[in-house]
Amino acid sequence: LQQHASVAPHDCVGSNLFVHTRRGQVMRVVPRENEDINEVWLSDRDRFSYEGLTSEERLTSPMVKVDAEWQDVDWETGLQAAVDAIRAVIDGHGAEQMGVLVSPTSTLEEMSLVQAVARGIGISNIDHRLRQVDFSDQDNAPLCPTLGQSVASLEQIDAALVIGGNPRKDQPIIGHRLRKAAVAGARISFVNPVDYEFLFDVHAASIVAPADMVAALAAVASCFPDAGSNASDAVKTAISSASPDETQRSIAQALKDGDNVSVLLGNAAMAHPQYSTLKALAGIIAGASGATLGVLTDAGNGVGGWLAGVLPHRGPAGQTLASAGLDAHAMLATPRKGSLLLGVDPEYDCADAAAAQAAMQAAEIVVSITPFASKALKSSADVLLPMGPFTETAGTFVNAEGRWQGFSGVVSPPGDSRPGWKVLRVLGNQFGLDGFE
């Protein structure tokens, strides 16, 4: 399959997976005994994502901006320009004036290397949580956010509450599992800022403005006796002042009645300015109802970012650091003199696109290791180094249930583009760091 399968769409029919190959053949993959075919099912949302590989914005050679004009250069020149630019910021302003933003779709190997490069040259401002803005409880967070159960087990639930989530769009495989549970009779409820469309009967949905999400969730929590007795004063106050409506009481009742229930925090909750409070309330509801608490993690390798230590306050595997750096939101709110971007287009990937663009424009230097060079990125960057996306490299993703999934590239990087781990390895050598040989 690695030799012959293209990145064209996959079709799942019955219990067999059919893969279209470059040679026009159709190969059938039969699951191993006890293997769930849905583990290799490709969602409709993702079936045509391969078209991005031939985008007009693909970066195929290193580029350096000279006198406001972009010039194609060889790798040696491009890497040296990147090293010189980063050293200039550190020597002139200190390492605290450098920030490193990493895409949560980077591989575990790329993440491990980029944090090693950053910390090796004294940079502590590094983060992959690009769409999060509330980090007030990050010191109390577990090793990494997880679903708290297997993806497959979601089919067996009796009830679930999804908070700030649109799994049909954001996590289609999980959305598929929740739909199967609903069709089988599970009562799935939502507290959301938008009345998203789901392809199943929703038990109850409390649709409120983003500013009212804490109050709505507190109202659900207030339906459980003694809920939040050990919570912070702010959470206790929110619960005690809540007046649940019929919908919120119905959500709580469904969780009370079920034997196997889940409470899930989605992407909109994670991006909320009061995420820590929403998470605390979700934990109270889960504890009171006996539910499994889980997080619908952002992007393909958000869990991997935590494990690899692409965080300002922890190193790899949760290692304690002597001092913490700035999180992604703080780096953009108080722009750094220099930025190193790995697979990030600030215009599209960050919670506040305007602030991200302004921060990049204000920087003295921006070095970007990226598969794509958008117009906005070209306007703010000074050095562009072409990196292949996940389809053009080998690596590892860690999914929401904590499963490590290794893969190999299926197509060759175009032009002078190179896998990200190779670029980062040589960058470490250029900085003279140990262990990069």
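Modeller: Ala 317 lies in the loop between helix 10 and helix 11 (328-333). Please bear in mind that this is a predicted model.

Biologist: What is the phi of Ala 317?

Modeller: The phi of Ala 317 is positive, at about 60°, although Ala 317 is not a glycine. Most residues other than glycine have a negative phi.

Biologist: Is Ala 317 buried or exposed?

Modeller: Ala 317 has a relative accessible area of 60%. Exposed means over 50%, so Ala 317 counts as exposed.

Biologist: And Asp 67, where is that found?

Modeller: Asp 67 is in the loop between strand 4 (63-66) and strand 5 (69-72). Its phi is near 55°, again a positive value in a residue other than glycine. With a relative accessibility of 73%, Asp 67 is exposed.

Biologist: What is Ile 86 in contact with, leaving aside its neighbours within four places in sequence?

Modeller: Ile 86 is in contact with Met 98, Ile 121, Leu 340, Ile 365, Val 367 and Phe 431.

Biologist: Now the helices. At what angle do helix 5 and helix 7 pack?

Modeller: Helix 5 (residues 213-221) and helix 7 (residues 246-257) pack at about 55°, and their axes are 8 Å apart. Roughly parallel would need an angle under 35 degrees and roughly perpendicular one of 65 to 115, so the two helices are oblique to each other. Their crossing is right-handed.

Biologist: Which residues make the contact?

Modeller: Helix 5 contributes Ala 216, Ala 219 and Val 220, while helix 7 contributes Gln 248, Ile 251 and Ala 252.

Biologist: How do the residues of that contact divide into nonpolar, polar and charged?

Modeller: In the contact of helix 5 with helix 7, five residues are nonpolar, one is polar and none is charged.

Key. Residues numbered from 1 in each chain as written. Predicted model: local features only at pLDDT ≥ 70, side-chain atom pairs only at ≥ 80, totals over all residues. Heavy atoms only, no water. Contact = heavy atoms within 4.5 Å. Helix = DSSP H or I, 4+ residues; strand = E, 2+ residues; numbered from the N terminus. Buried < 20%, exposed > 50% of the residue type's maximum accessible area, 1.4 Å probe, protein only. Axes fitted to C-alpha atoms, helices over the stretch in contact; angles between N-to-C directions. Parallel < 35°, antiparallel > 145°, perpendicular 65-115°, else oblique. Left-handed = near helix turned anticlockwise from the far one by under 90°. Nonpolar A, V, L, I, M, F, W, Y, C, P; charged D, E, K, R; others polar.
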